[in-house]
Amino acid sequence: MEKVSFSPLSRLAICGGTHGNEMSGVYMVRELQKLKLDRKGSVSITTVLTNPRAVDACRRYMETDLNRCFTDDLLSAPITDSTPYELRRACELNTQLGPKGSREAVDLLCDIHNTTSNMGICLIFYSSDWIALHIYKYLQRKITSAPVKAILLDTTSSEAYSLESVGKHGFTMEVGPQPNGVLRADIFNMVKEAVDLLIEWLQKFNSGSVFEGGEVEAFTPVRSVDYPRDPTTNDITAAIHPELQDNDYTLLHAGNPVFQSFSGETVEHEGEDLYPVFVNECAYYEKKIAFHLTKKITLTLPSISIKQD
Amino acid sequence: MCGHLSYGLCVSPPPSAPGGDDLPYEVQRAQEINRIFGPKGSPEAYDVVFDLHNTTSNMGCTLILESSTDHFNLQMMNYIKKAIAPASCLVLLNEHPLLKYSTSRSVAKHPVGLEVGPQPQGVLRSNIFEAMRVLLKHALDFIELFNEGMEFPPCTVEVFRVLERVDYPRDANGNIIAMVHPNLQDCDWEPLNPGDPMFQTFDGKTIRYQGSGTVYPTFINEAAYYEKQQAFVTTGREALVASAIGKV
């Protein structure tokens, strides 16, 4: 595969608090701001607490999920008195870190999240971003404190709804398990290590290092599964089965238990073999998602380096 | 919004003040609960209230006791502990004059807290749900045995008595500047000795426990307690003797 070259990646944005109760990102951004870290070598660093009202209230969001507000349609809708707070913030962030799709957008946007699911470190991005994939490959090789995985979303840029789509390149760094509103030192230390390695990678890239191509594995979403619910009240009638709980990324076969009802009955996985992720993520109960099912793919990355003039 | 139902009392106004729509929701609820299951301190109050809670702390199955002289509750807790053995169920006694708080269950004659963790807020874990179900089943079995006339001889119950609340290190603006140390995280009920790691700053430095003796921390890194200035509470181990009880 031919080598691919890119312009220098000199503008990095590190974001936290997109969901106000996901504490690692909140504290990582605060620490970077306390240290006044706005440049490291060739990389200028912008740090943003993206949803400050939700951070103050220690809530996921005030009116609507900020991390679903970044589609082209939503960003271009006119702001009125009834525009929810988070949609306004999305437009402000698009101005500050974008505009999405333009030359002025930051080169790389890393948005730090936590999940209550046992997902270790998971980078989530829109497919075929060689930069993001190489960073994933680098982090996976260097980090030993937790497994590093990747989820690729197959969405066009215009329909991409999350914050990192504002940058020219970007990914969500999802780290778990951590309860909402809780700051765990072990999880924070993982995030700090990942951010340090990210900056290190960018500096190496900008100074001319060639990052060799190769194969990486990633997961792509196939479908999501809701909890069994009472048809009248819509209340859930079962919980994630103990054999599935905490077993994100472990292949599910037909017949494997996925739910256990409150009266003790088991509900089994049906259909093709798939990998579950976001198992029992707290914020997804209201989105009617008990877990996502994914398939594993192998991607072949080209070697990449900076464009030589 | 001021309102911690389990605390009953808000900062102001006190619950004995005239009711009204301007009272915080949880204070209104506390008054309703007091009407239905109390009034607190009166002969009409319910005999037992089980108050079911979860915690983000790794406390396992915990029973919370509010009075060291509630022999009925001590006997119940002894029964539950023996019933679920070898699985662990520990008793937390919060009788501290300053740290004690007016729980919703305290309207009853015999308030019992069932605290099971770790579980994130907003998440339902099967194993935690099952543990809660088992605790409650044994508690109800005890009441049934008692009502049928079974007598319970004197027994000794090990309890962990709340000693003090330890807050996070904070800066002048009240922001936390360190996290529960990885060595302490998830180690509820394990001995914490002077000199042991307690907090870790964001740049990796260790802050050690400076107490005068060994304590047993619990409620370590409970999400709801950041705003209550509590990283964990320290406890001391004690053996309480419960008198014999039987139905009269």
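Let's start in chain A. Thr294(A) has a relative accessibility of 1%, so Thr294(A) counts as buried. The cut-off for buried is under 20%. One caution before going on: this is a predicted model.

Where does Thr294(A) sit? Thr294(A) is in strand β14 of chain A. That strand covers residues 291-301. What does Thr294(A) touch, once residues up to four places away in sequence are set aside? Phe219(A), Thr220(A), Pro221(A) and Val222(A) are on the list. Leu274(A), Tyr275(A) and Val277(A) are on the list too.

Now to chain B. How many helices and strands does chain B have? There are 3 helices and 10 strands. Along the sequence, the order is α-β-β-α-β-β-α-β-β-β-β-β-β.

Some overall figures for chain B. The C-alpha trace spans about 60 × 50 × 35 Å along its principal axes. Of the 248 residues in chain B, 49% are buried. Take the contacts in chain B with a separation of 6 or more: 72% of them join residues 24 or more positions apart. The accessible surface is about 11,800 Å². Carbon and sulfur atoms hold 55% of that surface.

Val91(B) belongs to strand β3, residues 89-93. Is Val91(B) buried or exposed? The relative accessible area of Val91(B) is 0%, so Val91(B) is buried.

Who surrounds it in the contact list? Leu65(B) and Val91(B) are 26 residues apart along the chain. Their C-alpha atoms are separated by 6.9 Å.

Last stop, the cavity. The structure has 1 cavity of 30 Å³ or more. How much space lies in the largest cavity? About 50 Å³. Which residues line it? Ile64(B), Glu66(B), Asn94(B) and Lys100(B) do. So do Tyr101(B), Thr103(B) and Arg105(B). By class, that lining has 2 nonpolar, 2 polar and 3 charged residues.

To recap: Thr294(A) is buried at 1%, and Val91(B) is buried at 0%. The lining of the largest cavity includes Ile64(B) and Asn94(B).

Conventions: Residues numbered from 1 in each chain as written. Chains lettered and ligands numbered in written order. Predicted model: local features only at pLDDT ≥ 70, side-chain atom pairs only at ≥ 80, totals over all residues. Heavy atoms only, no water. 1 Å grid on protein atoms, 1.4 Å probe; cavity = no way out; pocket = protein on both sides within 12 Å on 5 of 7 lines; lining within 4 Å. Points joined across faces, edges and corners; volume = space filled by probe spheres on them. Nonpolar A, V, L, I, M, F, W, Y, C, P; charged D, E, K, R; others polar. Helix = DSSP H or I, 4+ residues; strand = E, 2+ residues; numbered from the N terminus. Buried < 20%, exposed > 50% of the residue type's maximum accessible area, 1.4 Å probe, protein only. Contact = heavy atoms within 4.5 Å. Areas by Shrake-Rupley, 256 points an atom, 1.4 Å probe, with all protein chains shown as cover.
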